[in-house]
Amino acid sequence: MNLLCGLVQNLWNTVYNKCVRNLDDATKVRIGVILLIASMILFIMCSKGPNKAHLVNSWFLFWLALITFVMAVMYLSVFR
């Protein structure tokens with residue numbers, strides 16, 4: 001688990017140092033909000049389908065929404 005957390009931390013630091021560091025704060029918050037809205041839209045899309053008894057009808061979209069939501073939360077928590 002420690003190795004996985006270290007891998008995620010190194011990946012985040014690399015992306016942050018190359019792509020995010022020189023942006024102004026307003027742009028950073030806008031990107032985080034857009035990611036948050038995208039995760040909500042993906043979750044709504046994953047719940048629609050022919051079987052109304054199940055909450056999740058598309059597991060691929062569900063996991064994509066979850067990953068996008070985690071990225072948005074991490075992105076917004078770094079800049080607040």
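1. Start with helix H2. H2 has 23 residues and spans 34 Å from its first C-alpha to its last. That is close to the 33 Å expected at 1.5 Å a residue. Keep in mind that this is a predicted model.

2. Next, the buried face of H2. Lys 28, Gly 32, Ser 39, Leu 42 and Cys 46 are buried in this helix.

3. Now the core. Six residues make up the largest nonpolar core: Leu 42, Cys 46, Val 56, Leu 61, Phe 62 and Ala 65. Helix H2 (25-47) and helix H3 (59-78) each supply at least two residues of this core. H3 gives the most, with 3 residues.

4. Ala 65 belongs to that core. Which residues does Ala 65 touch, not counting those up to four places away in sequence? They are Ser 39, Leu 42 and Phe 43. Of these, Ser 39 and Leu 42 are among the buried residues of H2.

5. Thr 68 deserves a look. Thr 68 lies in helix H3. Is Thr 68 buried or exposed? Thr 68 has a relative accessible area of 12%, so it counts as buried, the cut-off being under 20%.

6. What surrounds Thr 68? Leaving aside neighbours within four places in sequence, Thr 68 is in contact with Leu 35, Ala 38, Ser 39 and Leu 42. The Thr 68 side chain also has a polar atom 2.7 Å from the backbone oxygen of Leu 64.

7. Leu 42 ties these points together. Leu 42 is a core residue, touches Ala 65 and is in contact with Thr 68.

Technical notes:
Residues numbered from 1 in each chain as written. Predicted model: local features only at pLDDT ≥ 70, side-chain atom pairs only at ≥ 80, totals over all residues. Heavy atoms only, no water. Core = buried A, V, L, I, M, F, W, Y, C linked by side-chain atoms within 4.5 Å. Buried < 20%, exposed > 50% of the residue type's maximum accessible area, 1.4 Å probe, protein only. Helix = DSSP H or I, 4+ residues; strand = E, 2+ residues; numbered from the N terminus. Contact = heavy atoms within 4.5 Å. Polar contact = N/O pair within 3.5 Å; in protein donor to acceptor, adjacent residues only side chain to side chain. Expected span 1.5 Å × (residues − 1).
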